Amino acid sequence: MSFPQHRPRRLRTTAAMRKLVREYAVAPSDLILPVFIREDLSEPKPITSMPGVVQHSTSSLVAAAREALALGLGGIMLFGIPAERDATGSAGLDPFGVLNKAIRDVRAVVGDELVVMSDLCLDEFTDHGHCGVLDASGQVDNDATLEIYAKMAVAQAAAGAHVVAPSGMMDGQVAVIREALDAAGYADVSVLAYAAKYASAFYGPFREAVDSQLDGDRRTYQMDPGNRREALHEVELDLAEGADIVMVKPAMSYLDILADVAAMSPVPVAAYQISGEYAMIEAAAANGWINRRAAIEESVLSIKRAGATMILTYWAAELAGWLREN
Ligand code: PBG
């Protein structure tokens with residue numbers, strides 16, 4: 001017999017060797033923790049379909065932000081759940097509304113040490129659960145929604161957001177937000193654009209997390225999972241409109257899209273490991289079908305390897321804790 005000329009196994013012989021040749025690693029500063037804050041809650045409330053994740057009260061939110069800072073996370077992304085909803089999502093514009101208040105509360109404890117990001121969308125604030133306002137025929141009205149997004153952006157910046165993150169997939173949203181921020185004196189506030197956001201079945205648990213009122217789907221504004229090229233178009237538009245960071249969402253079923261965007265984007269690329277991705281791994285682990293920690297670490301590493309500069313994940317704090325142990 002002849003001996004193999006190439007033996008890739010040589011570089012796998014010891015843990016030290018594997019560590020030496022490893023190309024990608026996740027750092028705590030790559031991670032962004034998404035958090036939910038619900039108005040009028042005195043105790044945090046568990047989210048059944050996302051074991052380990054809660055709707056925060058003000059005090060538990062502030063504690064989570066302190067922990068995120070202590071763990072060296074890159075940032076925190078805030079989602080607000082108001083007590084009252086209406087057709088136009090007016091609670092999102094209220095400077096004392098749940099989200100804007102939460103931004104202020106978090107900034108008060110983290111200062112500039114942790115990047116504070118806020119979800120800029122109407123779905124948590126509208127009584128119909130859509131990401132925009134509806135026209136007379138019940139369709140989401142793109143341009144009427146833009147006017148509200150512009151005001152929301154200014155309210156969030158005034159509350160202290162370092163980064164606003166429009167997630168509604170309205171055409172032209174980045175441009176109106178950038179213009180409104182600049183006009184109001186917030187030229188230093190960044191826009192993280194949900195550029196390639198797909199209409200995904202994996203958002204399921206998020207709907208419970210925000211008590212979503214949605215009846216129907218978001219297919220007229222979020223992208224069709226069958227499209228790849230279109231993601232690059234969406235990213236190019238957002239870049240031209242002034243996006244500082246572009247996002248691909250969800251992550252795991254869209255790693256091809258993430259790799260495409262990472263290859264062409266001149267700005268940092270974020271990926272969002274969403275609620276359904278979290279729930280699947282937690283459920284399988286709870287059944288003893290997979291090793292929980294190993295599956296979490298591998299899933300987040302795969303997102304980094306595909307090209308993400310930063311990753312939003314509900315495991316951000318736990319994962320950062322493990323990274324510090326290593
Ligand atoms: C919309 C928004 C959604 C998520 C983040 N922002 C839900 C949706 O588009 O239906 C989903 C996040 C997740 O599933 O973890 N504001």
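Visitor: What makes a residue one of those that surround the ligand?

Guide: In this predicted model, a residue is near a molecule if its C-beta atom lies within 6 Å of it. The residues that surround the ligand are Asp119, Cys121, Asp123, Cys131, Ser167, Tyr203, Phe206, Arg218, Ile274 and Ser275.

Visitor: How does the shell around the ligand divide into nonpolar, polar and charged residues?

Guide: The shell holds 5 nonpolar, 2 polar and 3 charged residues. Asp and Arg count as charged, and Cys, Tyr, Phe and Ile as nonpolar.

Visitor: How do you know whether the radius of gyration agrees with that of a compact globule?

Guide: A compact globule of 326 residues would have a radius of gyration near 20 Å, and the protein has 20 Å; therefore the two agree. Along the principal axes, the C-alpha atoms fill a box of roughly 80 × 45 × 40 Å.

Visitor: What makes a residue count as buried, and what share of the 326 residues does so?

Guide: A residue is buried if 20 or more other C-beta atoms lie within 10 Å of its own. In the protein, 47% of the 326 residues count as buried.

Visitor: Why is a set of residues called a nonpolar core?

Guide: The name applies because its members are buried residues of kinds such as Ala, Ile, Leu and Met, joined through C-beta atoms within 7 Å. The largest such core has 105 residues, and Ile32, Ile76, Leu78, Met117, Ala153, Met247 and Ala271 touch the most other members. Helix α4 (residues 142–159) gives the most to this core, with 10 residues.

Visitor: Which residues does Ile76 touch?

Guide: Leaving aside residues up to four places away in sequence, Ile76 touches Ile32, Leu33, Val35, Ala65, Ala68, Val106, Leu114, Val116 and Met117.

Technical notes. Residues numbered from 1 in each chain as written. Predicted model: local features only at pLDDT ≥ 70, side-chain atom pairs only at ≥ 80, totals over all residues. Rg over C-alpha atoms; globule rule 2.2 N^0.38 Å. Buried ≥ 20, exposed ≤ 12 C-beta atoms within 10 Å, placed from the backbone. Helix = DSSP H or I, 4+ residues; strand = E, 2+ residues; numbered from the N terminus. Contact = placed C-beta atoms within 7 Å.
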